[in-house]
Amino acid sequence: MANQWIKIGNVSGGGQYIGLLAKEDDLTIEKDASGEYYIHSVHPIEVKDAKIAPSGSITLPLKPEDGLDELLYAFFGEVLTTDNLDGTYTHTLTVKEDNIPEFEVVKNIGGTQEKYSGCKVKSVEITANASGEFDVSVEVVAKNGELVSGEGEGTYTLSKTMKVTSSSITWGGTTYGVGSATITLERDLAEDGFYINSDAGRSVIPEGNFKATAKLDVLVDSTTFLQDFLAGTSKALVITFQNADGASLVIHLPAAVVLSRAKATDVGKQLLVEEVEVLGVDDGVNGSAYAELTNTITEYPRT
């Protein structure tokens with residue numbers, strides 16, 4: 001099998017490259033090249049000089065290190081680190097309104113190496129279900145993409161995959177069992193930042209609005225979510241992921257509102273599953289979402 005790997009680096013000026021334990025990716029260098037026709041022509045005369053538009057997504061296991069942590073830092077943009085004095089560090093990641101960190105991605109497929117520069121994270125989606133699938137999909141938008149050679153593979157920590165602690169979430173401080181959860185954090189990145197200049201691709205990728213949502217299959221027999229939905233009540237949603245080494249990722253939506261809920265009736269199964277979708281709104285202190293990542297990395301960006 002051909003040697004395949006992905007690494008990321010130069011995050012917010014930090015020169016270190018980190019190996020990325022990706023399951024798959026669809027990063028691609030696209031170019032809107034089309035034929036030019038003149039009034040008198042039947043056949044295309046030439047191809048217009050188009051800019052390139054690199055972008056795509058990377059699917060990773062839910063790990064506290066191994067590159068996903070760097071991508072989370074790049075996505076949120078702000079970090080406050082606390083030394084736990086036991087060999088671990090807790091990084092509180094909050095939303096930076098603009099000028100989030102840029103980074104580079106290098107992927108090696110066989111003997112071909114592609115380099116994506118000026119990257120920003122557009123979205124992070126965490127999916128977890130009862131069958132044990134815990135994946136993260138990270139959508140990336142880049143300014144430039146090119147073929148390179150001579151790049152070496154990044155280093156890996158090989159940390160353990162995280163799971164949902166006790167398969168539960170808390171809503172307003174009360175614990176509920178969940179059968180599945182999808183947490184989506186996204187920014188409106190302007191992907192059309194092409195200038196009339198000599199840049200090969202995008203010149204800028206400015207940030208717009210931030211949005212945090214969660215879809216949950218909640219195992220519950222109460223009227224709580226229906227009442228909160230009808231009343232428009234906001235509550236704190238907390239989902240904790242943890243691995244066997246004590247590393248953790250805690251996603252907070254400090255003031256979440258139920259957008260929709262449904263509870264199907266199935267007399268035979270007797271399992272009371274409520275499908276709930278919530279939206280994080282600004283609580284005036286921590287924004288609409290923040291994350292707490294505990295691992296063995298001392299600081300971000302890594303240098």
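Leu226 is found in helix H2, which spans residues 224-231; helices (H or I, at least four residues) and strands (E, at least two) are DSSP runs, numbered from the N terminus. The model is a predicted one, in which local features need pLDDT of at least 70 and side-chain atom pairs count only at pLDDT 80 or more, while totals for chains, interfaces and linings use all residues. Residues are numbered from 1 along each chain as its sequence is written, and side-chain values use heavy atoms, with hydrogens and water left out.

With a relative accessible area of 30%, Leu226 is partly exposed; buried means under 20% relative accessible area, exposed over 50%, and partly exposed in between (1.4 Å probe, protein chains only). Together with Phe229 and Leu230, Leu226 forms a nonpolar patch on the surface, with about 270 Å² of accessible area in total. Such patches are made of residues with over 30% relative accessible area and no salt bridge, where like charges are joined within 9 Å and nonpolar side chains (Val, Leu, Ile, Met, Phe, Trp, Tyr) within 5 Å. Accessible areas come from the Shrake-Rupley method with a 1.4 Å probe; for residues, only the protein chains shown count as cover.

The buried residues of H2 are Thr224, Phe225 and Asp228. Seen down the axis of H2, these buried residues fall within an arc of 90°, so they line one face of the helix; the arc is that of the directions from the helix axis to the C-beta atoms. Gly232 follows H2 and has a positive phi, near 70°.

**Salt bridges**

Side chains of opposite charge can pair when their charged atoms come close. A salt bridge is here a side-chain nitrogen of Lys or Arg within 4 Å of a carboxyl oxygen of Asp or Glu, and by this rule the count comes to 14. The table gives examples.

| Lys107 | Glu114 | 4.0 Å |

Arg261 in strand E18 and Glu274 in strand E19 are 13 residues apart, and their pair links distant parts of the chain. Arg261 is partly exposed at 23% relative accessible area, whereas Glu274 is buried at 0%.

**Buried loop residues**

Leu27 is placed in the loop between strand E3 (24-25) and strand E4 (28-31) and is buried, at 5% relative accessibility. Not counting residues up to four places away in sequence, Leu27 touches Ser55, Gly56, Ser57, Ile58, Val105, Lys107, Glu114, Tyr116 and Val140, where contact means heavy atoms within 4.5 Å.

Arg202 lies in the loop between strand E15 (174-189) and strand E16 (207-219) and is likewise buried, at 5% relative accessibility. A polar atom of its side chain is 2.7 Å from the backbone oxygen of Ala142, and the backbone oxygen of Glu191 lies 2.7 Å from a polar atom of the Arg202 side chain. Beyond four places in sequence, the residues touched by Arg202 include Ile52, Pro54, Val141 and Phe194.

Conventions:
A polar contact is a pair of N or O atoms within 3.5 Å; within protein, one must be able to donate a hydrogen and the other to accept it, and residues adjacent in sequence count only if both atoms are side-chain atoms.
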